[in-house]
Structures are given as structure tokens and as C-alpha cells.
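Hi,

Here is the structure I promised to pass on. Have a look at it first, and then read my notes below.

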Amino acid sequence: MAVMGPTGCGKTTFLSALGSRLDPSVVMSADAQISWGGQPWSAALKRCVGFIEQDDVTFPELTVRQALTFAARLRLAGSKEREERVDQLLAEMRLEECSDVLIGGGLVHGISGGQRKRVCIAS
């Protein structure tokens, strides 16, 4: 899905509301509802939808694997489960070749912009 429109038309507000990053009462009328495929919006549906900021938010000093492991430590309990999930994400996002390369950014040379975006999605 793509959300397109001119500057100031509300694309970011719309996506922020869908991602539960805004108080719905601020951006929606009282009788408005968010649904996906005919189902009311729920925590289970929210886990299936990703929201990636336009600007990449990563730690340039970490390698790709370290960044994904850090994100996994925040979300998953067991260390074995974390390692398996990181390996799975590296494969799914086609980041295996650069898994031990610094993310970089600014003055630090690292992975490409597309790879950096995929790290953000995987995180």
C-alpha cells in the first residue's frame, strides 16, 4: 500500500493515527472507527502492521546484527529465541552479507541507504 499526497495534506497524521502514535480523540471524530479487512483495529492487528519513520533511527556505531539483537532484547525473552529471530530477520531482509558491517551514517561510512532502511524495518 502507498499513501501519497501533497505536502500538508495529512499523510503523516493519518499514518500516526493508524500506528496508534496519536490519541485518536485528537485526530478522529467520536464516531470514527479504524478497521482492517473488516475487523476492528486491535493489538493483534497492530502487530501485523509496520510503521517506519521517514528518517532512519539507528545507532551508527553498531553492526547490523548488533542493532537487530538490541531490538530483539527489548521484545523477546529467551536468548535462544532472540538469536533465531535475528538470523531469520537477516535472511528475510537480505542483510546476511552485511550483518557484521557497521550501520554508519553521517561521518561514519557503513551500509547503503537501502540496507539501512531494511534494518529499520526489521527492528
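To get your bearings, in which helix does Leu15 lie? Leu15 lies in helix H1, residues 11-18 (helices are DSSP runs of H or I with at least four residues, strands are runs of E with at least two, and both are numbered from the N terminus). Before you go further, note that this is a predicted model, where local features need pLDDT of at least 70, side-chain atom pairs count only at pLDDT 80 or more, and totals for chains, interfaces and linings use all residues. Residues are numbered from 1 along each chain as its sequence is written, and side-chain values use heavy atoms, with hydrogens and water left out.

Back to Leu15: at 30% relative accessibility, Leu15 counts as partly exposed (buried is under 20% relative accessible area, exposed is over 50%, and partly exposed is in between, with a 1.4 Å probe and protein chains only). Leu15 and Val3 are 12 residues apart in sequence, and their C-alpha atoms are 8.6 Å apart in space.

Next, helix H5. This helix covers residues 79-92, so 14 residues, and spans 20 Å from first C-alpha to last, close to the 20 Å expected at 1.5 Å a residue (the expected span is 1.5 Å times one less than the number of residues). Arg82, Val86, Leu89 and Leu90 are buried in H5. They sit on the same side of H5, because they cover an arc of only 100 degrees around the axis (the arc is that of the directions from the helix axis to the C-beta atoms). Their cover includes helix H4 (64-75) and helix H6 (113-122).

Now for the charged pairs. The count comes to two salt bridges (a side-chain nitrogen of Lys or Arg within 4 Å of a carboxyl oxygen of Asp or Glu). In one of them, Asp87 meets Arg65 at 2.9 Å, N to O. That pair links distant parts of the chain, with Asp87 in H5 and Arg65 in H4, 22 residues apart. In the other, Glu84 pairs with Lys80, with the closest N and O atoms 3.6 Å apart. Glu84 and Lys80 are four residues apart in H5, so about one helical turn separates them. Lys80 is exposed, at 57% relative accessible area, while Glu84 is partly exposed at 45%.

The loop between H5 and H6 is worth a look too. Arg94 lies in this loop and has a positive phi of about 55 degrees. At 72% relative accessibility, Arg94 counts as exposed. Ser99 lies in the loop between H5 and H6 as well, but Ser99 is buried, at 6%. Leaving aside neighbours within four places in sequence, Ser99 is in contact with Thr63, Val64, Arg65 and Leu90 (contact means heavy atoms within 4.5 Å). Thr63 is itself buried, at 13%, and lies in the loop between helix H3 (43-46) and H4.

Finally, the core. Which residues of the largest nonpolar core touch the most other members? Of its 14 residues, they are Val64, Leu68, Leu90, Leu95, Ile103, Ile111 and Val119 (such a core is a set of buried Ala, Val, Leu, Ile, Met, Phe, Trp, Tyr and Cys residues joined through side-chain atoms within 4.5 Å). H4, H5 and H6 each supply at least two residues of this core, and H4 gives the most, with four.

Cheers
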